[in-house]
Amino acid sequence: MKKTGLYLLAGLFIGGMAACEDANDWGYDAAHDRPFRPTQFETVEELPTSVQVSFKGVQDATKYVFEFSKGDSLLFNNIVRTDEVLADTLTPFSESPLVVSTEYRVWFQDLDGTSRYSIRMKGVDERTGRESGYIALCFDTPNEQIFTNVIPGTNSAVLNWDATKEATTIKYGEEVETQPETETTPAVLDTIWAEPIALTSDMQGQLTLEGLKSGTNYIAQIWNNAADEVLRGTYDFRTLGSATAAPIEVKAGDDINALLAGQTGDVTLSFSGDAAYTAGELIVPEGIANLYIAGNMVNGQMPKLTMGKFTFQAPLNNVYVQYVDIVSDGSAQFLVEIGDANFFKNITFEGCNISDVPRSIVRLNSGDAEVEGITISGCLIHNVALSGYGLLNIGKAKSLQSVVIRNNTLWNITDQIIDLRVEVEEFEYTQNTFYNDANTGIPKFFRLDKQPKSITVTSSIFSGPNGGSKTNAGNSDYNWLSYAGCYRTSDLQIDSREFTDARVLSYTAAELFADPDNGDFHFNPDLHFEGDGEAGDSRWWTK
């Protein structure tokens, strides 16, 4: 019985094998005879007009096909472009013995900013016609910015953009804040749009807006393609001067002090870029609450004002000096000197050129002064403090809230950037380009006798042969001060106090910049400077 059972089981097993072989002898649908789709597909970096994608390879693929659909989320009902990439042109980003485990990365250019795209890809074997299935993803390109800058005037603004980029329309409008209906209702920012302006090729990337209101916030937008509008740039700006008082037009040869005499409240002096002016001692009389020195660009030129110094005959709130080329006549050591109770609450130099001031732009030496802020922004400052004291000199003050030096080019400055001997709530030195040539030396950059409650020093460049002398980052060892995000060129030699955490470059200022001795601080394109677009005065960045 046992032997018979074994024979029976063996027969059943053999018969079962035959039955399995017959049962699995199936046909197949040729439509499904394809390679596996990629196991990875994702974006690595999304820029306003480009995207880098990462994907794993497809076995036997000779090319990869990418389809872009715009304005939907993985629906692919608006295919706007198809790109093919040959497999033998790809360089592995992360190589593996298996094609399906090898990572590749590819950039796609000429996308629209501020747009949603769906992208799908497949691998194709052109020798057999076999294709993998699609794998897809969705991404948004960030806002694009082809405006290079906007230079405001009192009643106008010059818009500049990259003329190599396609654009058809400028839209602009006044930004107004609606008053809340109740105390608990927040105010709403609204825009009163003007008539759009069609762009023409003869504009060459520049348009002047006329008839604007003084001291008013505006927004400008640049668009392309009227049928499928693409936003290519947005810029918020504020016109110069006071919103509450009409500008006083200053003509060449005018007695500026006579124009100021008897004025009260807000006063705007409006200068024109096609004229030159002299002031000697510019006297601000009692009764003026806020003073605006406003320069209107003409054919790319700032108004030139040759003067000695500002004198205030009474305390005032705010002083704004904007887009004026100020050249010292050498008759005064300081452009602004406060030594008594006739002080300002805030003073701002914005977008100016300032040169040849023997000592400091601002000298504050009054125990009565209660100052909120000193700001230097977007300026090109040349040959200042050659007689000492430094760019800013703060010896005494009853109180000082902030000192901000941001986005400037400082060229041939001696003694120090700032001599700060009082307590300050906030000190900021960001995004500045500093250069001293072979004839000008600075022994130290910062003298900070009291540690600021808040301090930021970053995104700046320190450079130049510095008159052949060594320098120090500070007057003392400030173990609380980091220069992270800053760069120092190799020709700026250090004495004993280094720029802690700054990146020391292997090349000199003459190699980094186009022509620093003549004031051209554009970066040498052959170097591919890693700080381009992040460090130093933004006017020199590669556009």
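I began with Glu425, which forms a salt bridge with Lys453, the closest N and O atoms being 3.2 Å apart. Glu425 sits in the loop between β33 (418-420) and β34 (426-430), and Lys453 in the loop between β36 (444-448) and β37 (454-458), so the pair ties together parts that are 28 residues apart in sequence. I took a salt bridge to be a side-chain nitrogen of Lys or Arg within 4 Å of a carboxyl oxygen of Asp or Glu.

I note for later that this is a predicted model, in which local features need pLDDT of at least 70 and side-chain atom pairs count only at pLDDT 80 or more, while totals for chains, interfaces and linings use all residues. Residues are numbered from 1 along each chain as its sequence is written, and side-chain values use heavy atoms, with hydrogens and water left out.

**Entry: the charged pairs**

I looked up how far these side chains are covered, calling a residue buried under 20% relative accessible area, exposed over 50% and partly exposed in between (1.4 Å probe, protein chains only). Glu425 is partly exposed, with a relative accessible area of 32%, whereas Lys453 counts as exposed at 55% relative accessibility.

I then turned to Asp419 and Arg421, whose side chains meet in a salt bridge at 2.9 Å, N to O. Is Asp419 buried or exposed? Asp419 counts as buried, at 4% relative accessibility, while Arg421 is partly exposed at 38%.

I found a salt bridge of 2.9 Å, N to O, between the side chains of Asp449 and Arg447 as well. Asp449 is partly exposed at 41% relative accessibility, and Arg447 is also partly exposed, with a relative accessible area of 21%.

Three strands form an open sheet in the order β1-β2-β5, with antiparallel pairing. Why is one side of β1 and of β5 left without a neighbour in the sheet? Because β1 (41-47) and β5 (103-108) stand at the edges, each has a single partner strand. Neighbouring strands of this sheet are turned by 20° against each other on average, direction ignored; the axes behind such angles are lines fitted to C-alpha atoms, and angles run from 0 to 180 degrees between N-to-C directions.

I checked β2 (residues 50-56), which pairs with β5 in the antiparallel sense over 6 bridges, and noted that the bridge partner of Val51 in β5 is Phe108.

**Entry: the sheet β9-β10-β14**

I looked at another open sheet of 3 strands, in the order β9-β10-β14, also with antiparallel pairing. Here β9 (147-152) and β14 stand at the edges with a single partner strand each, so one side of each is left without a neighbour in the sheet. The twist averages 15° from one strand to the next.

I found 4 bridges joining β10 (residues 157-161) to β14, which run antiparallel. In β14, Gln206 stands opposite Asn160, and Thr208 stands opposite Val158. Which residues of β14 lie on its covered face? Leu207 and Leu209 of β14 (residues 206-209) do, and Gln206 and Thr208 lie on the uncovered one. I recall that in a regular strand the side chains alternate between the two faces of the sheet.

**Entry: the second largest pocket**

I next looked up the second largest pocket, which has a volume of about 370 Å³. Its lining has 22 residues, of which Ser156, Val158, Asn296, Met297 and Val298 lie nearest the centre. The elements that give two or more residues to this lining are β9, β10, β14 and β18 (265-272).

For my own reference, a pocket is an open set of points on a 1 Å grid over the protein atoms alone, where a 1.4 Å probe fits, with protein on both sides within 12 Å along at least five of seven lines, and lining residues have an atom within 4 Å of a point. The points are joined across faces, edges and corners, and the volume is the space filled by probe spheres set on them.

Note on methods
Two strands pair if DSSP finds at least two bridges between them.
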